[in-house]
Each structure stands twice: as C-alpha cells, then as structure tokens.
Amino acid sequence: MHGTGKRAEVLFHTAGAVLAPLCAMALAYWGASYAVNGGPHSSVYFGNAAVTVAFFGALASGFLTDTSHPLQPFVAIVTSLVLALGVVAVSSAVEKEAMRLRGVSTRCTVLDVDRQVHTSTYTDSNGISHTTTTVDYKHRLDCAAGRPDTMTRDEKKAGKGEHLQVTYDPRGRMEPLPTRDLKGDGSWRTLALVCLPAVVGVRVLAVLAAVGEHRRARRRLYQRYPYLR
C-alpha cells in the first residue's frame, strides 16, 4: 500500500496500540471503583461486568495490530495476555486499597469449613467436551463484631475451632478476607502500573518495526525495478 493509504494504516495501528490498552485499563479501573465505592443503590454486579468487558476487550485488542511483520502475531498474543493480566491487577489493587481504607478488622472463630467443588462443562466447535473444576472454601464464622458470618476464599484459611482475624467491608460491597492478606501486598499495584506502559511500548515498537520492514521492502523493489518509481 502506498502514500496516503499506507500512512492512514500506520496511524490506525498506532492508535490501536495506544488507545486500546488505555481504554481497557481505564474501564477496568472505573468498573472496579464503581463496584467497591458505588452508592447504596448502585449495583456491584454492574461494576464487575465492566471489569469483565475490559478483560475480554484486552484479549481481543491484539486484533488491532498490524500483521505485515513476522513478529506481529506473537506480539499481539503476548501483549493481549499481559494486558488482560493488567486488568485483573487493577481490579484487585482497587479492591485491596478500598478494603485497607474502610475495612473493619475483627477476631473470629471458625465454626466450620465447607469445601465446595464447582464443575462446568462446555463443548467447542469441534464437538469436544471440556470440563473445568474450581474449589472454594466457605468458612462459617463467629465474629466479635457480630459480622461477617461467612467468608469464602479459594483456599482454606483456618480449620474448625481456630481463631482468625478477618477484615470486612461495613458497606457490604466486598467479600471479607483474612486481615493478614492485606498486609504488605503491593504485587497487584506494581503489576497494574507496569502492564500498561509495557504493552503500549511493545506494540508501538512492533508498529515501527512493521513500517521499517515495509520501507526496506519498497527500497529493494525499487532497486530491482527502477521504473516502478
């Protein structure tokens, strides 16, 4: 593609390399903030839905990259996965920060732990069935503050009869969690800060590499066939 058409294509892919990650991360931040800080009549599920849209948008953003350079498909896949991880990191960091700011810590006794297994099956376009299994642990609690009475986590935090310090959201917009999980956990925040510039930087470099490859190929063509100039 030559002239104006090629410049328009480069601008499109450059805009996609910059704007798509920005939009995905901004939507994730807004959705997570809405879910944990929304008003009394606002739905937590609406905020979580926005984060979910941002996650799948991050995965799909690789389709906006140019495919004329051999490395572009690899760059598109890897950066899309990193961007999706960044969406998860933003959501987790927002929730952890909100819990640190307004969470209430209380001493609880574990009355019982119910191990819950969730199995889902789906069939792909080739007719092959796939089964995924997740395990949750529902802790029934007796807390000094009178709440919460349950806490569900993806791993067992304490056994029956054991004591556990639990932090809960007095507004009830976030799931309670062990207080120790809030201490010194800056990994999600760091990941959220690193993912966006990394993805944008790599994608812009990939666009520039594709432009350079196109120019080199055009020069070789003109050297071989000067009359095409």
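Tutor: Start with the elements: helices (H or I, at least four residues) and strands (E, at least two) are DSSP runs, numbered from the N terminus. Under that naming, α1, α3 and α4 (187-224) each supply at least two residues of the second largest pocket's lining. The model is predicted: local features need pLDDT of at least 70, side-chain atom pairs count only at pLDDT 80 or more, and totals for chains, interfaces and linings use all residues. Residues are numbered from 1 along each chain as its sequence is written, and side-chain values use heavy atoms, with hydrogens and water left out.

Student: What makes α2 roughly antiparallel to α3?
Tutor: The two helices pack at about 160°, with axes 7 Å apart. Axes are lines fitted to C-alpha atoms, for helices over the stretch in contact, and angles run from 0 to 180 degrees between N-to-C directions. Angles over 145 degrees count as roughly antiparallel, so α2 is roughly antiparallel to α3. Their crossing is right-handed; that is, the near helix is turned clockwise from the far one by less than a right angle.

Student: Which residues of α2 meet α3?
Tutor: Val-51, Ala-54, Phe-55, Ala-58 and Leu-59 do. Among their partners in α3 are Leu-81, Val-87 and Ser-91. Contact means heavy atoms within 4.5 Å. By class, this contact has 10 nonpolar, two polar and no charged residues. Ala, Val, Leu, Ile, Met, Phe, Trp, Tyr, Cys and Pro count as nonpolar, Asp, Glu, Lys and Arg as charged, and the others, Gly among them, as polar.

Student: What is the volume of the largest pocket?
Tutor: About 610 Å³. A pocket, on a 1 Å grid over the protein atoms alone, is an open set of points where a 1.4 Å probe fits, with protein on both sides within 12 Å along at least five of seven lines; lining residues have an atom within 4 Å of a point. The volume is the space filled by probe spheres set on the points, which are joined across faces, edges and corners. Of 19 lining residues, the closest to the centre are Asn-48, Ser-91, Glu-95, Met-174 and Glu-175. The largest share, five residues, comes from α3.

Student: Which helix gives the most to the second largest pocket's lining?
Tutor: α1, with six residues. That pocket's volume is about 270 Å³. Its lining divides into 11 nonpolar, two polar and two charged residues.

Note on methods
Angles under 35 degrees count as roughly parallel, over 145 as roughly antiparallel, 65 to 115 as roughly perpendicular and the rest as oblique.
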